[in-house]
Amino acid sequence: FKKVSVSGVEIDIAVVIENKTYCIDLIGYPGEFAAQFTPENIQMLNRMEQNIFFLPYSNWVLNKRKTIANLKLFLNS
């Protein structure tokens, strides 16, 4: 993985679909992706009308199927 900058905020994962950017924040993932967005980051992304999906690593490990379904819903919104 390589962090990217969206609206001046470092994003763990950014997905672009039809010129629309979807930001995914990996929470608790071991290593450099463990930290969550700060309130200031969230405010900045909201002001720029960026979509954010918060993905706790524990959700991925404990309920991968539901997490994938929720991620698909987010990317299709």
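Trainee: Which residue in β4 stands opposite Ala-14?

Mentor: This is a predicted model. In it, β3 and strand β4, residues 20-27, pair in the antiparallel sense over five bridges. The residue in β4 that stands opposite Ala-14 is Cys-23.

Trainee: Which residue takes a positive phi in the hairpin of β3 and β4?

Mentor: The hairpin has two residues between the strands. The positive phi there is near 50°, and the residue that takes it is Glu-18.

Trainee: What is the order of the strands in the open sheet?

Mentor: The sheet has three strands with mixed pairing. β3 and β5 (51-56) are the edge strands, each pairing on one side only. Neighbouring strands of this sheet are turned by 25° against each other on average, direction ignored. The order is β3-β4-β5.

Trainee: Do β4 and β5 run parallel or antiparallel, and how many bridges join them?

Mentor: Strands of a sheet pair through backbone hydrogen bonds, in either sense. β4 and β5 run parallel, and the number of bridges joining them is six.

Trainee: Which helix packs on the sheet?

Mentor: The helix touches β3, β4 and β5. Its direction makes about 175° with that of β5. It spans residues 64-75 and is helix α3.

Trainee: How many of the eight residues of β4 are buried?

Mentor: Buried means under 20% relative accessible area. By that cut-off β4 is mostly covered, and the number of its residues that are buried is six.

Trainee: Why does Tyr-57 count as partly exposed?

Mentor: Tyr-57 is found in helix α2, residues 57-62. Partly exposed lies between the buried limit of 20% and the exposed limit of 50%. Tyr-57 therefore counts as partly exposed, because its relative accessibility is 32%.

Trainee: Which residues does Tyr-57 touch, not counting those up to four places away in sequence?

Mentor: Contact here means heavy atoms within 4.5 Å. With residues up to four places away in sequence left out, Tyr-57 touches Ile-27, Gly-28, Tyr-29 and Pro-30.

Trainee: What separates the C-alpha atoms of Tyr-57 and Leu-75?

Mentor: Along the chain, Tyr-57 and Leu-75 are 18 residues apart. Their C-alpha atoms are separated by 18 Å.

Technical notes:
Residues are numbered from 1 along each chain as its sequence is written. This is a predicted model: local features need pLDDT of at least 70, side-chain atom pairs count only at pLDDT 80 or more; totals for chains, interfaces and linings use all residues. Side-chain values use heavy atoms; hydrogens and water are left out. Helices (H or I, at least four residues) and strands (E, at least two) are DSSP runs, numbered from the N terminus. Buried means under 20% relative accessible area, exposed over 50%, partly exposed in between (1.4 Å probe, protein chains only). Two strands pair if DSSP finds at least two bridges between them. Axes are lines fitted to C-alpha atoms, for helices over the stretch in contact, and angles run from 0 to 180 degrees between N-to-C directions.
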